[in-house]
Amino acid sequence: MTDAILQVDNLMMRFGGIKALNDVSLKVERGSVTSLIGPNGAGKTTVFNCLTGFYRASGGRIQLNANQRSTDVIQVLGEKIHPSDWINPTQLGSRVWYKMFGGAHLVNRAGLARTFQNIRLFREMSVIENLLVAQHMLVNRNLLAGVFNTRGYRAAENLALDRAFYWLEMVDLVPTVNRLAGTLSYGQQRRLEIARAMCTQPELICLDEPAAGLNPVETDALSAILHRLRADHRISVLLIEHDMPMVMSISDHIVVLDHGDVIAQGTPQHIRHDPRVIAAYLGVDDEEDAHG
Ligand SMILES: Nc1ncnc2c1ncn2[C@@H]1O[C@H](COP(=O)(O)OP(=O)(O)OP(=O)(O)O)[C@@H](O)[C@H]1O
């Protein structure tokens, strides 16, 4: 029996006349590293945007099984009211509720965090401030507790600091703690993005091209971090990445997208030899490499 932390069925996304996602079904097994690969414009980032609530999918189903509950991601983002809701008051109430109070924050609270293809740190804030801001949902936000600096408020702040230092250590950035995020090297900024996402305590982390622009040493350090996330913290990872050696070495499962459709999925070994994947994406050189 499978234990999927994420199950995506028949996901569709249209932008006017453009069909960015046609019919995407995939799943991420709990504790696995799953990679989403494909040529430029295949729809990979659009999948991430639908999963994390940046886009509202045009159709399909996204189920996240984390934090000991199952979350219907499309529902919590706030769906349109359907005509049939008027004869089903519970359904109508739920849709109105999520239309008013739903959004991407609920997806994060349900256990999913992400990083971005173009780094989106607060560049003018220090490293530690970036990590504390990420935790504002988790700490006590009671105004009076803050004004009177109550014991509960201080305890929550200390916990946030402990969590920030824990993940800083994990990504090897403790010495940079007071530097402005914008002054870090590119590789350090990528690692800080991962630490910031981890501070929200997700069970599934979606990483959009984390190795882009990294040198080979930094890419190896990143692979080691992903290994540790899975082995030591049982975090599930969904990865978009063009660095094929990294994808092939780190993934348990690979999903290949092309023109908004899943054209293949399976183990790295299986994907490496799939003729459709070679034709659409990997190309002859990679096939020769694989055989060589
Ligand atoms: N907000 C948008 N408005 C209109 N079209 C969009 C939008 N976002 C994505 N698209 C289109 O959807 C298709 C898929 O884009 P997407 O960025 O998901 O591809 P990708 O596989 O992530 O590519 P890359 O590897 O280059 O990042 C493209 O044709 C793109 O132009």
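The 20 residues of α7 should span 28 Å at 1.5 Å a residue, and its end C-alpha atoms are 29 Å apart, which agrees; the expected span of a helix is 1.5 Å times one less than its number of residues. This is a predicted model, in which local features need pLDDT of at least 70 and side-chain atom pairs count only at pLDDT 80 or more, while totals for chains, interfaces and linings use all residues. Residues are numbered from 1 along each chain as its sequence is written.

Staying on α7, colour A160, R163, A164, W167 and L168, which are buried. They cover an arc of only 135° around the axis, which puts them on the same side of α7; the arc is that of the directions from the helix axis to the C-beta atoms. A residue is buried if 20 or more other C-beta atoms lie within 10 Å of its own, exposed if 12 or fewer, and partly exposed in between, with C-beta atoms placed from the backbone. Turn to the face away from the buried side to find the exposed residues R151, R154, A155, N158, D162 and E169. The cover over the buried residues of α7 includes α5 (127-133) and α8 (186-198). After α7 comes D172, with a positive phi near 65°.

Next, colour the chain by its domain assignment, which gives domain 1 (4-111 + 202-291) and domain 2 (122-201); such bounds come from an automatic or database domain assignment. The centres of the two domains, taken over C-alpha atoms, are separated by 26 Å. Their contact takes 12 residues from domain 1 and 12 residues from domain 2, two residues being in contact if their C-beta atoms, placed from the backbone, lie within 7 Å. On the side of domain 1 that touches domain 2, α4 (104-109) and α9 (216-233) each supply at least two residues, and α9 gives the most, with 4 residues.

Now select L11, L131, A195, I205, V237 and V256, the residues with the most contacts inside the largest nonpolar core, which has 73 residues. Domain 1 and domain 2 both give residues to this core, so it lies between them. A nonpolar core is a set of buried Ala, Val, Leu, Ile, Met, Phe, Trp, Tyr and Cys residues joined through C-beta atoms within 7 Å. Centre on I205: leaving aside its neighbours within four places in sequence, I205 is in contact with A113, R114, A197, M198, I235 and V237.

Move on to α9, whose 18 residues should span 26 Å at 1.5 Å a residue; its end C-alpha atoms are 25 Å apart, which agrees. Its buried residues are T219, L222, L226 and L229. They cover an arc of only 75° around the axis, which puts them on the same side of α9. On the other side of α9, P216, V217, A224, A231 and D232 are exposed. Among the elements covering the buried residues of α9 are β3 (33-37), α8, β8 and α10 (244-250).

Finish with two backbone sites. Most residues other than glycine have a negative phi. R234, in the loop between α9 and β8 (236-240), has a positive phi of about 50° although it is not a glycine, and with 10 C-beta neighbours inside 10 Å R234 counts as exposed. N10, placed in strand β1 (residues 4-15), likewise has a positive phi of about 50° without being a glycine; with 13 C-beta neighbours inside 10 Å, N10 counts as partly exposed.
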